[in-house]
Amino acid sequence: MTDQTAAPSQTPYRVLARKYRPSTFQDLIGQEAMVRTLTNAIDSNRLHHAFILTGVRGVGKTTTARIIAKALNYVGPDGNAGPTAAPTDDCPICQAIAEDRHPDVIEMDAASRTGVGDIRELIESVRYRPIEARYKVYILDEVHMLSTQAFNALLKTLEEPPEHVVFIFATTEIRKVPVTVLSRCQRFDLRRVGQQELAAHFARICEKEAVTAEPEALELIARAADGSVRDGLSLLDQAIALGGDKIAESVVAEMLGLGDRARAYDLFEALMRGRIPETLQILEELYAAGADPVVVLQDLLELTHGLTRLKLVPAMAEEQALPETERVRGLEMAKTLSLASLARAWQLLLKGVSEAQQAAQPLLAVEMCLIRIGHASELPPPGDLVKKLTEQGESTAAASPSRGSAAAPAAGGNGAEAGARGRSERGSDSDGPRALAAAPWEEQEPAAQSTAESLPVKLESFAALLDLARDKREPQLTHHLRCDVHLVSFEPGRIELRTAEGAPRDLLGTLKSKLFEWTGERWSVSYSSEQGERTLQEQEEAQASQVRQEVLRNPVVKAVMDSFPGAEIQRISTSQTLPGDAPGEVAAAPDEAAGEQEER
């Protein structure tokens, strides 16, 4: 029989998120308002019977629930102490709660037990008093996952629970919790932990773990954690496993797929100066170094936002929390870039991120986004463009009278004859020069008219829109507007229509683009399910039918139709009113008028 030497037992490794999980209110970071409220409530014995904790993942909702359970059931080492907000490490009940083995603290995952049957079991157990502790505490995690029937079954017990029961709910989706439940609970919103607080917290943990970490590396981890302590500790665990006893910024950047911050500034500067080849070269280098193309765009978005804030509030550059690169180089770039160019870059980057996330090859989508921004950087700001066009228009208008005056001598005797006519008609020689000066303006009327036709038009009615489409020689659009469109509402800048079955699918889009081309303004053209008016063709046919009926009711026409059986009305036209006739009076034929004049 051979001797077998037992292998030394090794303590299993505990991840940092569990090893450094807060056990007291004092250990919680970034939740000062909640800690102060709960501490005062416990000290003054003003304890609520139901709490609901909400916040993003990893900010400490379940941890806070366990701390509350320990604080309420604290008895001290001798078993005679009352609830306290101080550390509870010397209490055997609190130690059992921390180790998740106390029978009076029940944790339930509402994401896996969502039915009314699970809640019914909970309600049945509420009647029994706690076995060892002072309070029986029910912790329901992700409570928003409960069904509507489960919430309704819980309402009565939640409103009037026994004195020995405390409910603590935790959720990341507070809006999905019914208002009837929220009104019965004391609510605490756990806020995101700031980057500086997270970086300082990670630095303390690295010191305890005997790990050397660069401050820039911890700032990258804190930024990637996005306010979540648990996510940040998981990233820190990964960085320690990757870098060993020393965590460098380059290691963390490679782990997170981030580019160098300085290179991000180089990329943005080349982009805003319109140097597209250099921009693509920097992007290729970042991609070869392991940077995610989508993350590069997100970094540029963050950089644009930071530069815009520095542009508006230069005093922010004096904040010590701001990195040196952003404080010096960022302020310099913010001074040289205009607010309009930054806003335009923000919009294009925002659209580029969306496209890159959906593209099959994100790198290609990112390159196209950067090319668009580089091309747009060469365009003048809209305000400068409008100002330039306005100045050109004013200079053209100022130059047009001189050109008209120069043309006057070329008219030869026409100008003198016009002046003579003006003097003879007005009967005053003093009006001669004024009349003579007016002649060149009259000669320029066709040019002024052509200029007016080129200017954007104003539409006040749908009928004016139809006339405009006819004038612009758009027969197909004119036909559809007349025959296939029911007008619901019309006002300058906005049209609501209901299209008939024969209308093309792209009619609204075509109309919208044509309106922008004709008026120089962007119109809102939308589809409506309301009945709306009859089509213009139907209105014209109804009007023609009404006129026809009125004509047939006329006694003269009726007598003619009776005298000639089988006669048909081929065309109906209205006669013009002669000058001097009363409105609505039918003009007489020329021979009849002459006869009447002879009789007089």
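**Reading rings, strands and turns**

Tutor: Let us start with the rings: four aromatic pairs are present in this structure, where rings of Phe, Tyr and Trp (for Trp, the six-membered ring) count as paired if their centres lie within 6.5 Å. The model is predicted, and therefore local features need pLDDT of at least 70 and side-chain atom pairs count only at pLDDT 80 or more, while totals for chains, interfaces and linings use all residues. Residues are numbered from 1 along each chain as its sequence is written, and side-chain values use heavy atoms, with hydrogens and water left out.

Student: How do I read the geometry of a pair, for instance what kind of aromatic pair do Y138 and F167 form?

Tutor: The angle between the ring planes decides: under 30 degrees is stacked, over 60 is edge-to-face, and the rest is tilted. Y138 and F167 are stacked, with 5.6 Å from centre to centre and 25° between the planes. This pair links distant parts of the chain, since Y138 belongs to strand β3 (residues 136–141) and F167 to strand β4 (residues 165–171), 29 residues apart. Strands here are DSSP runs of E with at least two residues, helices are runs of H or I with at least four, and both are numbered from the N terminus.

Student: Which rings make up the tilted pair with planes at 40°?

Tutor: Those are F167 and F169, whose centres are 6.1 Å apart, and the planes at 40° are the reason why the pair counts as tilted.

Student: Is F167 buried or exposed?

Tutor: Buried means a relative accessible area under 20%, exposed means over 50%, and partly exposed lies in between, using a 1.4 Å probe and protein chains only. F167 is buried at 0%, Y138 is buried at 2%, and F169 is buried at 1%.

Student: A ring can also meet a charge, so to speak; which residue lies over the face of F516?

Tutor: A charge sits over a ring if NZ of Lys or CZ of Arg is within 6 Å of the ring centre and within 35 degrees of the ring normal. Here R522 lies over the face of F516, at 4.5 Å from the ring centre.

Student: How many disulfides does the structure hold?

Tutor: A disulfide is a covalent bond between the sulfur atoms of two cysteines, and the cut-off used here is a pair of cysteine sulfur atoms within 2.5 Å. The structure holds zero disulfides. For C91, the closest cysteine sulfur is in C94 at 3.5 Å, which is too far for a bond. C91 is buried, with a relative accessible area of 0%.

Student: Let us turn to the sheet; in what order do the three strands stand?

Tutor: Strands of a sheet pair through backbone hydrogen bonds, either parallel or antiparallel; the criterion here is at least two bridges found by DSSP. The three strands form an open sheet in the order β8-β9-β10, with mixed pairing. Because β8 and β10 stand at the edges, each with a single partner strand, one side of each is left without a neighbour in the sheet. On average, neighbouring strands are turned by 20° against each other, direction ignored, with axes taken as lines fitted to C-alpha atoms (for helices, over the stretch in contact) and angles running from 0 to 180 degrees between N-to-C directions.

Student: How many bridges join strand β8 to strand β9?

Tutor: Six bridges join β8 (residues 485–491) to β9 (residues 494–499), and these strands run antiparallel. S489 has E496 in β9 as its bridge partner, and F490 stands opposite I495 in β9. The two strands form a hairpin with two residues between them, and G493 in the turn has a positive phi of about 100°. Between β9 and β10 there are four bridges, and these strands run parallel; R494 stands opposite S524 in β10. The chain crosses from β9 through α24 to β10 in a right-handed β-α-β crossover, meaning that, with the strands pointing away from the viewer, the path from the first strand over the helix to the second runs clockwise.

Student: Which residue has a positive phi of about 60° although it is not a glycine?

Tutor: Most residues other than glycine have a negative phi. A210 has the positive value of about 60°, and A210 lies in the loop between α8 (195–208) and β6 (212–213), where A210 is exposed at 58% relative accessibility. D226 also has a positive phi, near 55°, and is found in the loop between α9 (215–225) and α10 (229–243). D226 is partly exposed, at 42%.
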